[in-house]
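Please look over the structure shown here before reading on.

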Number of protein chains: 2
Amino acid sequence: MGASKTNAFSVEDIEVSAYLKALGHPARIAILNLLIKKQACICGDIVDEISLAQSTISQHLKALKAVNLIKGDIDGVSVCYCINESEWRKAQIMIQDFLEKAKFPKEKCC
Amino acid sequence: MGASKTNAFSVEDIEVSAYLKALGHPARIAILNLLIKKQACICGDIVDEISLAQSTISQHLKALKAVNLIKGDIDGVSVCYCINESEWRKAQIMIQDFLEKAKFPKEKCC
DNA sequence: CATATTAATCGCAATATTACGATAATAGAT
DNA sequence: ATCTATTATCGTAATATTGCGATTAATATG
């Protein structure tokens with residue numbers, strides 16, 4: 001096996017976990033922090049700031065693009081990446097709703 | 001390779017991405033939803049509700065315990081799992097802070 | 001004590017992820 | 001047209017994840 005049994009889970013669980021999974025790597029967090037700080041980034045700038053190979057950065061960018069959290073516009077020979085606002089807000093709402101709905105056992109339990 | 005170059009990233013990025021990674025699987029989201037709904041759950045109840053093998057559920061529980069988002073108390077022959085409130089709040093704050101600090105490009109960019 | 005119940009762990013197989021260097025592909029400059 | 005810069009993709013290797021059945025360990029129960 002190794003692949004997740006996507007048929008066993010609800011569409012919502014799959015969707016929110018896909019966002020969370022895409023965010024679940026320090027390199028991708030670092031990339032997003034950079035995009036947030038600079039508003040937008042040429043791919044090469046990211047490579048300069050994060051000590052990973054260019055091909056590795058490119059892969060992480062691809063993972064973030066796959067869930068639409070970022071978009072990249074071709075600008076001549078380079079590519080300008082930035083946060084995709086609408087999708088970010090959507091992910092934010094889904095994740096926050098999930099985190100906020102947690103109720104904690106008052107009395108005993110564990 | 002295959003392992004992430006943890007030395008290349010900030011402690012904060014590693015910490016928040018560890019929470020996000022632990023949450024980044026539909027089975028673990030489903031488990032947490034169940035724990036939230038029922039307040040607390042015997043492991044066997046989780047196995048009954050989610051169509052995965054007992055050993056697989058146990059592994060996912062281990063992953064959630066590894067980042068302290070849940071705790072399990074031995075109750076005789078069974079184990080009662082529930083959300084770990086303090087760690088949940090900590091993760092929630094870290095994740096929400098990250099998501100909320102995003103600023104979006106006003107004019108052009110991409 | 002023997003037996004059942006429950007959950008963790010082991011061993012294994014399939015697949016996914018992470019990382020890198022090398023190679024393409026594209027656009028700009030000479 | 002040739003060269004350069006930039007980024008994506010390919011190929012490969014190492015490691016991690018997911019999932020399952022079988023086994024183990026621990027505690028009840030007869």
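This is a predicted model: local features need pLDDT of at least 70, side-chain atom pairs count only at pLDDT 80 or more; totals for chains, interfaces and linings use all residues.

Chain A is brought onto chain B by a rotation of 180° with 0.0 Å of shift along the axis, and the RMSD is 0.0 Å. Such a relation is that of a two-fold axis. Both copies use the same surface, since 98% of the contact residues of chain A recur in chain B.

Charged residues form the next topic. On the surface, a patch of negative charge gathers A:Glu12, A:Asp97 and A:Glu100 together with B:Glu12, B:Asp97 and B:Glu100. Helix α5 (85-100) of chain A and helix α5 (85-100) of chain B each supply at least two residues of this negative patch, and A:Asp97 is found in helix α5 of chain A.

Side chains of opposite charge can pair when their charged atoms come close. Over all chains, the structure holds 6 salt bridges. One of them joins A:Glu15 to A:Lys90, with the closest N and O atoms 2.8 Å apart. This pair links distant parts of the chain, as the two residues are 75 residues apart; the table places each partner in its helix.

| Residue | Helix of chain A |
|---|---|
| A:Glu15 | α1 (residues 11-23) |
| A:Lys90 | α5 |

Notes
Residues are numbered from 1 along each chain as its sequence is written. Chains are lettered from A and ligands numbered from 1 in the order in which they are written. Side-chain values use heavy atoms; hydrogens and water are left out. Copies are superposed by least squares on the C-alpha atoms of residues with pLDDT of at least 70 in both. Contact means heavy atoms within 4.5 Å. Patches are made of residues with over 30% relative accessible area and no salt bridge: like charges are joined within 9 Å, nonpolar side chains (Val, Leu, Ile, Met, Phe, Trp, Tyr) within 5 Å. Accessible areas come from the Shrake-Rupley method with a 1.4 Å probe; for residues, only the protein chains shown count as cover. A salt bridge is a side-chain nitrogen of Lys or Arg within 4 Å of a carboxyl oxygen of Asp or Glu. Lys and Arg count as positive and Asp and Glu as negative; His and the chain ends are not counted. The place of a charge is taken as NZ of Lys, CZ of Arg, CG of Asp or CD of Glu. Helices (H or I, at least four residues) and strands (E, at least two) are DSSP runs, numbered from the N terminus.
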